[in-house]
Amino acid sequence: MRRSDLVRLVALAAIWSASFVFIRVLVPSLGPIWVATLRVLIAGVALVAWFVVIGLDANVRAHWRAYLFVGLLNSALPFVLFAYAALHLPASYLVILNAATPLFAALASAVWLSERLTGAKLAGLAAGVCGVALVSRAGPIEPDAAFALAVAASLMAAACYALAGVWLKKRGAALQPTAIAGWSQLFAGFVLLPMAVATPMPGSFTPLLIANLLALALVCSGIAYLLYYRLIADVGPTRAMMVTFLLPALGMVWGALFLDETVTLPMIAGAALIVAGTAAVLRPAPTPRVARATVES
């Protein structure tokens, strides 16, 4: 991996882990539906406008159904689920649970891409499940019914990301990665907007909320997706997923710094198990050795 790729990887991890802090700030005042809707609409409009400036032809007429599907599965659904979970979970919990995405991707790849579940991958999945279980009982919040629903919503969001990645690998060869970043979010915004209009906003906008919203949309969705798809193009999807190794630690740091969240030892242990499981799942299968042919004289 080149130094520039490594810089993009670290920058992406820092941006994505910070997104959960912005969500935690926004959701109590705007509500989950409005946060998700404004996030994708602002990011989508900004990216599509950028495409016009640089002359990128996304061939929307031919691929709008794919952009819509990816927008629903990779943006609309997970953004709403994580925004709902943010009503009940600290940002550090959200980012740790989000790191389970590659574990779901391994299962989905085994089902739809016929990728073999090796012993190492199965051990990684088991470690990830133990990590999620440990985090779910790590404190410092009370594990009541609302907490359980929020954890379930977070895991469903991670599963959505995984399924979207598998679908793109299987069906998305004809799509430009950069175009997906913009048009999928814009279509996701169109789908969520009627729901948002019908949903009362709990609070009102303030300069601080507007700044957080713009950071979430333009940086954590707009710039982050461009970085992510650039990484996929340069180093491949498996190496790009290494960003998940950095998310839990950075997320706990941001939560402690900006939201005064408590980080417990069980949370750190659970995050370590999830990261270890992810590393095992993403580890490439060993290349079979080819026996040398011997020539008899």
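Student: At what angle do helix H1 and helix H11 pack?
Tutor: In this predicted model, H1 (residues 3–30) and H11 (residues 243–259) pack at an angle of about 45°, and their axes are 8 Å apart. The two helices are therefore oblique to each other.

Student: Which residues of H1 and H11 make the contact?
Tutor: On H1 they include Leu9, Leu12, Trp16, Val21 and Arg24. Among those on H11 are Val243, Leu250, Gly251, Trp254 and Phe258.

Student: How many residues of that contact are nonpolar, polar and charged?
Tutor: The contact of H1 with H11 has 16 nonpolar residues, 3 polar and 1 charged.

Student: Turning to aromatics, how many aromatic pairs does the structure hold?
Tutor: There are 9 aromatic pairs. In one of them, the ring centres of Trp16 and Tyr228 are 5.2 Å apart with the planes at 55°, so the pair is tilted.

Student: Which helices hold Trp16 and Tyr228?
Tutor: Trp16 belongs to H1 and Tyr228 to H9 (residues 207–235), so the pair ties together parts 212 residues apart in sequence.

Student: Is Trp16 buried or exposed?
Tutor: Trp16 counts as buried, at 17% relative accessibility. Tyr228 also counts as buried, at 16%.

Student: And what about the rings of Trp183 and Phe187?
Tutor: Their centres are 6.0 Å apart and their planes lie at 40°, so this pair is tilted. Both residues lie in helix H8 (residues 177–197), 4 residues apart, about one turn of the helix.

Student: Lastly, how many residues of helix H4 are buried?
Tutor: In H4 (residues 91–98), 8 of its 8 residues are buried, including Tyr93 and Asn98.

Definitions and conventions:
Residues numbered from 1 in each chain as written. Predicted model: local features only at pLDDT ≥ 70, side-chain atom pairs only at ≥ 80, totals over all residues. Heavy atoms only, no water. Axes fitted to C-alpha atoms, helices over the stretch in contact; angles between N-to-C directions. Parallel < 35°, antiparallel > 145°, perpendicular 65-115°, else oblique. Contact = heavy atoms within 4.5 Å. Nonpolar A, V, L, I, M, F, W, Y, C, P; charged D, E, K, R; others polar. Buried < 20%, exposed > 50% of the residue type's maximum accessible area, 1.4 Å probe, protein only. Phe/Tyr/Trp six-rings, centres within 6.5 Å; stacked < 30°, edge-to-face > 60°.
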